[in-house]
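Trainee: I would like to learn how to read the features of a structure model. Please take them one at a time.

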Amino acid sequence: QVQLVESGGGLVQAGGSLRLSCVTSGRLSRPNTMGWYRQAPGEQRELVARITTSGRTNYADFVKGRFTISRDNAKNTVSLQMNSLKPEDTAVYYCNLVTLYNSWGQGTQVTVSS
């Protein structure tokens, strides 16, 4: 069974940057899609960005131009570079892997202060 472990969350001031990373363990079937979702208190989990094995990306409108997703297929990792962070970006960020199954990490907290 694949496990996903996120890292890189923390507290940052508005306008700052953070980089999230997700490391997977276990054998991944291909093709697959890796991505990042987020969930703020009282809100539903929502897509932030995702990337396929071939490198095709998809971003939520609210992060376009600010966040960049990337992956290393050799290492089975996915990263999310977050720039120009806003207080409304505060949430728990989850790594996601879609193969035949849908796998989730435990989440990492991102807090952006105004």
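Mentor: Start with contact, which means heavy atoms within 4.5 Å. This is a predicted model, in which local features need pLDDT of at least 70 and side-chain atom pairs count only at pLDDT 80 or more, while totals for chains, interfaces and linings use all residues. Residues are numbered from 1 along each chain as its sequence is written, and side-chain values use heavy atoms, with hydrogens and water left out.

Trainee: With neighbours within four places in sequence left aside, which residues is N58 in contact with?

Mentor: They are L47, V48, A49 and R50. N58 itself belongs to strand β6, residues 57-59. Strands (E, at least two residues) and helices (H or I, at least four) are DSSP runs, numbered from the N terminus.

Trainee: What is the separation of the C-alpha atoms of M34 and C95?

Mentor: It is 7.4 Å, for residues 61 apart along the chain. M34 is in strand β4 and is classed as buried because its relative accessible area is 0%. Beyond its neighbours within four places in sequence, M34 has contacts that include T24, I51, I69, V78 and L97.

Trainee: And where is Q39?

Mentor: Q39 is also placed in strand β4. Its C-alpha is 6.6 Å from that of Y93, although 54 residues separate them along the chain. Outside the four places on either side in sequence, Q39 touches Q44, R45, A91, V92 and Y94. With a relative accessible area of 27%, Q39 is partly exposed.

Trainee: How many aromatic pairs does a search of the whole structure find?

Mentor: The rule first: rings of Phe, Tyr and Trp (its six-membered ring) pair if their centres lie within 6.5 Å, and planes under 30 degrees apart count as stacked, over 60 as edge-to-face and the rest as tilted. The search finds one pair. It is formed by Y37 and W104, edge-to-face, with 5.0 Å centre to centre and 75° between the planes. The pair links distant parts of the chain, as Y37 is in strand β4 (residues 33-39) and W104 is in strand β10 (residues 102-104), 67 residues apart. Y37 is buried at 18% relative accessible area, whereas W104 is partly exposed at 33%.

Trainee: Which rings does the charged end of R45 sit over?

Mentor: A charge sits over a ring if NZ of Lys or CZ of Arg is within 6 Å of the ring centre and within 35 degrees of the ring normal. The charged end of R45 is over the ring of Y94, 3.7 Å from its centre. The charged end of R45 also sits over the ring of W104, at 4.6 Å from the centre.

Trainee: Now the backbone. Where is the peptide bond cis?

Mentor: Most residues other than glycine have a negative phi, and most peptide bonds are trans. Here the bond from R30 to P31 is cis, with omega near 5°. P31 is in the loop between β3 (18-25) and β4.

Trainee: What is the phi of N76?

Mentor: It is near 55°, a positive value in a residue other than glycine. N76 lies in the loop between β7 (67-72) and β8 (77-82), and it counts as buried at 16% relative accessibility. S84, not a glycine either, has a positive phi of about 50°. S84 is placed in the loop between β8 and β9 (91-98) and is partly exposed, at 41% relative accessibility.

Notes: Buried means under 20% relative accessible area, exposed over 50%, partly exposed in between (1.4 Å probe, protein chains only).
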